[in-house]
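Thank you all for coming.

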Amino acid sequence: MFSNSDRFKESFLKRLESMCGKGFEETTKRDQYLTLGNMVREYISSKWIETNELYRSENKKQVYYLSIEFLLGRLLVQNLLNLGIKDVVEEGLNDLDIDLGDIEECESDPALGNGGLGRLAACFLDSLATLNLPGHGYGIRYKHGLFDQKIVDGYQVELPEQWLRHGNVWEVRKPDEAAEILFWGKIETSYDNNELSFKHVGAEKVLAVPYDMPVVGYHVDTVNTLRLWNAEPAAFAPNQDILSYKRDTEAITDFLYPDDTHDEGKILRLKQQYFLVSSSLQSIIASYKKENSNIRELHHSVAIHINDTHPALAVPELMRLLMDIEGLTWDEAWKVTTNTLSYTNHTILSEALEKWPIYLFKPLMPRIYMIIEEINERFCAELWNKYPGDWHKIEHMAIIAHDLVKMAHLAIVGSNSINGVAKIHSDILKHREMKSFYDIYPTKFNNKTNGITHRRWLLKANPGLTNLIKNTIGEDFVHQPDKLIDLKRHIYHPDLKEQFANVKRKRKEILAKRIAEKNGILVDIDSIFDVQVKRMHAYKRQLLNVLHIIYLYNRLKEDVNYTIQPRTFIFGAKASPTYYYAKKIIKLIHSLADKVNNDPRVSKIIKVVFMENYRVSLAEDIFPAADVSEQISTASKEASGTGNMKFMMNGALTVGTLDGANIEIMEEVGKDNIFTFGLTAQEVLNYEENGRYRSMEYYHHDLRIRQVVDQLTNGFFSEDEGEFESIKDSLLVQNDQYFVLRDFASYIDIQEKVGVAYQQRDKWLEKALINISHSGFFSSDRTIQQYADDIWKIDPMGVRV
Ligand code: 26Y
């Protein structure tokens, strides 16, 4: 049905009418979306079945990626592209006067993640399938993903996200493969036939029902699976109130927690974590046992990856299943568990490290708690042998201490591999944050610098640039993104530069149109599109960006002869609903936008735009249009960043600190093709250790700083003068934890250089093209190949070992 556009058109029309029960002219865009979606799903299903059959018959090692978040984004067009049928479909639809882009707008944008960690998981799935690697995702089918953001009078308001409102054409419910999860109750220990056994009594049962989604590889036959679990009531026990039982059960998968930085000790979140882990492990073991008889060899056929500590309960849960259900001894089970599991750390921010109070943990998961206690005791005994008498060290490294379960320690002790997500981040883990663990397990620690899938962030998001690259260097880069480096030989050709400038300009026009529609702001296409899009957080320092804009405003007001390259400052960010400071910064950006955009003279030179509801689908319009990428976190705080890579791949130049993957971007493109500034990670860590930073000194000694900081509370903004006092306090009274004022001067300097560099048009275009040429390293195909080789030890299908 997709072999040529006429065939497609014919089946599409037939299907449309039979599905919707109306004539073509009467059908809506949504009817058309649903019809096309169903046709594509059907087309995928034969490949999906074949892939699963191949996995069964070849019985090779498979990896399961456990993640509390998968930030997928829309799937229709990506699936068409990966299946190689996008052109056929687009052509057929055009004949019917239908625009594929309009149909795509009917698809909801599944936001089952907060930001970087969840989007990384989605990129990884795409790479696994494309590399023909047997790898699957396990996650939660949240009824409501990350909230929708509305801006009302400059303030963020959250609305429930409703991605399932019109159904989900990609999922298949598999009630026969449901798993049972037990919460609460008691453990009865008995001793018969020389064996201890544990019975979980009085537990509340929850049913985990899988919904499978196909993960289509690019131009290959592999279709892997993303299995999302839905919580439903199990068989009803007579002493329960059925309504409250139903409500409590379904609540487990009701919504995604919207905070990616503050560990909230909420019992529902702990329930989500155990729900994900227990159902996934049960399903993995069941499918292993279909083809294999010896559970003691599980780790020969299965690798299980835990994405941050959220699924770290996989350690005790796998132990439980192996001992209590499969009958292994502790030592046998421990060997299998540690050989099966691996763990990625995504943050060193202490607020984000999960620690669960025993009083919440133990009653909810009594058997799991027993097992963790035993793991902890054995681990502490090992430490005692190594460091006799060093109680301080043992207490510091223990899994349970001060009535808390430390999830990172559990993950480290129970895994065979621990990786950071960029070189500097992995080094900080080894030599500082987790040094004591590195000392005892030096070979477990490794780095896997993050990557992004160029299939979404270049081929799908930027077809114009994709075609230009194809016409210049051929199509090899499509399958081997490191071939993008071939572009480097062509960057001095004036034709290429002009064509790139045209592509960029077209994308800026598209974004400008969207801004005009949504924000009512007319922006100058010739201005620098200077973009900061990411979650709102103090450590990411959107405030530094804002202070720079206020400074520019002041200069432009004070000196009518001051001329700069015009700039449009574009922001996009969601704040966690309970994060007071982050919400204030959103309001501040809006107040600043009002001030700047309404000044008749200044607004001709600079403009400020906040784009509401930043999400994957909006990002696909933003990255291609950007000239400048703001990656300005306090050095040492951003583990990697991945937006930085998406900008680079689309030919934006980075203004960045020496943090996360920015450092590796600099190593790739060379110092002349990136704008770095600010304290190094070492300098930040030194300040934090010696306590010698005094933000007040910078306030007093730099007039520019004093002026912009004072403007937060002196009536400069039309809001009442107390509105932004807390922000000023964070900088002065609280001594500026993220070194905004310390890096201010250096940021102003580099931004001035950016403005000048942009005016050397030819050189700028060369730099942009150099960035694109070197972006191949940041493909998630490279990252996934490294995970497959070094951590999971899995091979692609069709390759014999
Ligand atoms: C415990 C809970 C509050 C929590 C929930 C979500 C904690 C963390 C998260 C998500 C963290 C996250 O997204 N981290 C980001 O991971 C990216 C992928 O590795 C990195 O590029 C980015 O630097 C890091 O902040």
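This is a predicted model: local features need pLDDT of at least 70, side-chain atom pairs count only at pLDDT 80 or more; totals for chains, interfaces and linings use all residues.

Residues are numbered from 1 along each chain as its sequence is written.

The domain assignment gives domain 1 (59–74 + 109–450 + 785–792) and domain 2 (454–778), with bounds that come from an automatic or database domain assignment. Their centres, taken over C-alpha atoms, are separated by 35 Å. Domain 1 gives 40 residues to the contact and domain 2 gives 32, where two residues are in contact if their C-beta atoms, placed from the backbone, lie within 7 Å. On the side of domain 1 that touches domain 2, the elements giving two or more residues are helix 6 (116–130), strand 3 (148–152), strand 4 (155–159) and helix 16; helices here are DSSP runs of H or I with at least four residues, strands are runs of E with at least two, and both are numbered from the N terminus.

Now to the ligand: which residues come nearest to it? Of the 21 residues around the ligand, these are G116, L117, D260, A639 and S640, a residue being near if its C-beta atom, placed from the backbone, lies within 6 Å. Both domain 1 and domain 2 supply at least three residues to this shell.

Turning to the open sheet, its six strands have the order 20-19-18-21-22-23, with parallel pairing, and two strands count as paired if DSSP finds at least two bridges between them. At the edges, pairing on one side only, are strand 20 (606–610) and strand 23 (675–676). Strand 21 (residues 628–631) and strand 22 (residues 653–656) run parallel and are joined by four bridges, and S629 has T654 in strand 22 as its bridge partner. Helix 22 (residues 542–558) packs on this sheet, where it touches strand 18 (528–533), strand 19 (567–572), strand 20 and strand 21.

Strand 2 (residues 135–140) deserves a moment, since six of its six residues are buried, meaning that 20 or more other C-beta atoms lie within 10 Å of a residue's own, with exposed standing for 12 or fewer, partly exposed for in between, and C-beta atoms placed from the backbone. In a regular strand the side chains alternate between the two faces of the sheet. Here both faces are covered, with G135, G137 and G139 on one side and H136, Y138 and I140 on the other. Strand 1 (residues 62–66) runs parallel to strand 2 and is joined to it by four bridges, with H136 as the partner of Y64. Strand 10 (residues 223–233) also pairs with strand 2 in the parallel sense over four bridges, and there G139 stands opposite L228.

Finally, two loop residues. S636, in the loop between strand 21 and helix 25 (643–649), has a positive phi near 90 degrees although it is not glycine. Is S636 buried or exposed? S636 counts as buried because it has 26 C-beta neighbours inside 10 Å. N735, in the loop between helix 30 (725–731) and helix 31 (740–759), has a positive phi near 60 degrees, again in a residue other than glycine, and with 14 other C-beta atoms within 10 Å N735 is partly exposed.

Key: Axes are lines fitted to C-alpha atoms, for helices over the stretch in contact, and angles run from 0 to 180 degrees between N-to-C directions.
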